[in-house]
Amino acid sequence: MPTWSRAPSRQLGLDFRGHIPYDCKELPDLIAEPIAVTPSLAGELDARADVRLAVALHWLFRAGMLMEFLGHGLAGIAQKEGWIRYFAVYGFDRSTIMTLMPIVGMVDISLAVLSFVSPRRWALAYCAFWGLMTAFLRPITGESFWEVLDRAGNFGGPLAFLMLSGFPRNAREWFEPIRIGPVSRDALKRVAVVLQWITGLVLIGHGAYGALVQKQQLLDQYARAGLTSLPLVGSHFEPILGWLEMAFGVAILVKPLRPLLLSACVYKLATELLYPLTGYPLYEFVERGFTYVAPFALFLLTPYLNATPSKG
């Protein structure tokens with residue numbers, strides 16, 4: 001049986017907090033070989049199900065971080081007009097804000113590249129804080145609180161990645177590259193809860209734009225796409241879709257069934273694509289990376305967590 005390093009093989013214990021070196025060159029061989037079905041912590045699953053799942057989640061989260069902070073950084077470099085009031089909270093004048101925006105954008109892009117190429121725990125913790133802080137700037141400047149929920153992926157995504165990687169046991173581990181290895185069942189359960197809340201809150205927050213707030217930008221998207229001229233619904237398209245979306249989010253928070261999760265992933269991809277398709281900048285679609293990653297990652301996790309653990 002191939003191991004996760006080129007060191008002499010040893011029996012894998014239950015210390016899932018230990019680091020297991022990972023060599024990308026060995027992954028194709030590992031996947032290609034037949035897998036024996038044996039009792040494991042996940043029940044009667046193949047003996048490497050947890051390893052494969054950890055690898056899949058790790059790379060999904062890397063992609064989510066890249067999209068989220070790359071898109072956010074590009075908005076800063078483009079000096080997005082809507083951001084001016086957020087910077088103004090800290091007392092900056094317009095001239096200073098226009099100078100700061102590209103700098104903040106470059107920092108976000110640097111974090112996006114680092115989190116994809118060589119993720120570090122300190123960067124994930126910072127990104128989670130940054131995402132939460134910027135989300136709360138919206139209600140502080142007079143926007144609705146639903147804006148915070150719609151951006152749950154901005155802070156929940158880095159948090160989920162940090163939980164998957166394991167919280168550091170010493171200061172050095174905050175700065176070391178995160179290595180891929182088996183993840184305990186309990187850790188995956190915690191990650192699944194975060195992914196479930198990201199998916200549910202994003203749907204509820206975005207749905208509330210149409211159902212409760214009648215957000216103008218959303219109405220503009222639907223009008224440009226010709227959705228507000230559909231037969232029967234017409235001008236009521238935005239609130240009807242909003243209530244359905246909120247119900248969709250509540251259903252996932254109550255019971256994250258796999259068909260619902262896959263549907264949520266496809267739905268969010270389709271609706272967020274309205275940004276570039278209706279003339280808005282492409283970064284508006286890109287920066288919502290964890291909006292798409294969260295439901296799909298939970299879709300992959302659900303069968304593993306629902307398996308009956310073996311006794312003894």
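Here is the tour, from the whole chain down to single residues.

This is a predicted model, in which local features need pLDDT of at least 70, side-chain atom pairs count only at pLDDT 80 or more, and totals for chains, interfaces and linings use all residues. Residues are numbered from 1 along each chain as its sequence is written, and side-chain values use heavy atoms, with hydrogens and water left out.

**Whole chain.** Start with the cartoon view: you'll find 15 helices and zero strands (DSSP runs numbered from the N terminus, H or I of at least four residues for helices, E of at least two for strands). Of the 312 residues, 48% are buried (under 20% relative accessible area with a 1.4 Å probe, protein chains only). Take the contacts (heavy atoms within 4.5 Å) with a separation of 6 or more: 74% of them join residues 24 or more positions apart.

**H5 and H7.** Now select 121-140, helix H5, and 152-165, helix H7; they pack at about 155 degrees with axes 7 Å apart. Axes here are lines fitted to C-alpha atoms over the stretch in contact, and angles run from 0 to 180 degrees between N-to-C directions. The pair is therefore roughly antiparallel (the word for angles over 145 degrees). Show side chains, and you'll see H5 residues including Leu-124, Ala-128 and Leu-132 meeting H7 residues including Phe-155, Leu-159 and Leu-162. The H5 contact with H7 has 11 nonpolar residues, three polar and one charged. Ala, Val, Leu, Ile, Met, Phe, Trp, Tyr, Cys and Pro count as nonpolar, Asp, Glu, Lys and Arg as charged, and the others, Gly among them, as polar.

**The core.** Which residues have the most contacts inside the largest nonpolar core? Select Phe-61, Leu-188, Leu-195 and Leu-301, in a core of 63 residues. A nonpolar core is a set of buried Ala, Val, Leu, Ile, Met, Phe, Trp, Tyr and Cys residues joined through side-chain atoms within 4.5 Å. Helix H9 (residues 185-213) gives the largest share, 10 residues. Zoom in on Leu-195: leaving aside neighbours within four places in sequence, Leu-195 touches Phe-61, Ala-160, Ala-294, Ala-297, Leu-298 and Leu-301.

Methods
Angles under 35 degrees count as roughly parallel, over 145 as roughly antiparallel, 65 to 115 as roughly perpendicular and the rest as oblique. Buried means under 20% relative accessible area, exposed over 50%, partly exposed in between (1.4 Å probe, protein chains only).
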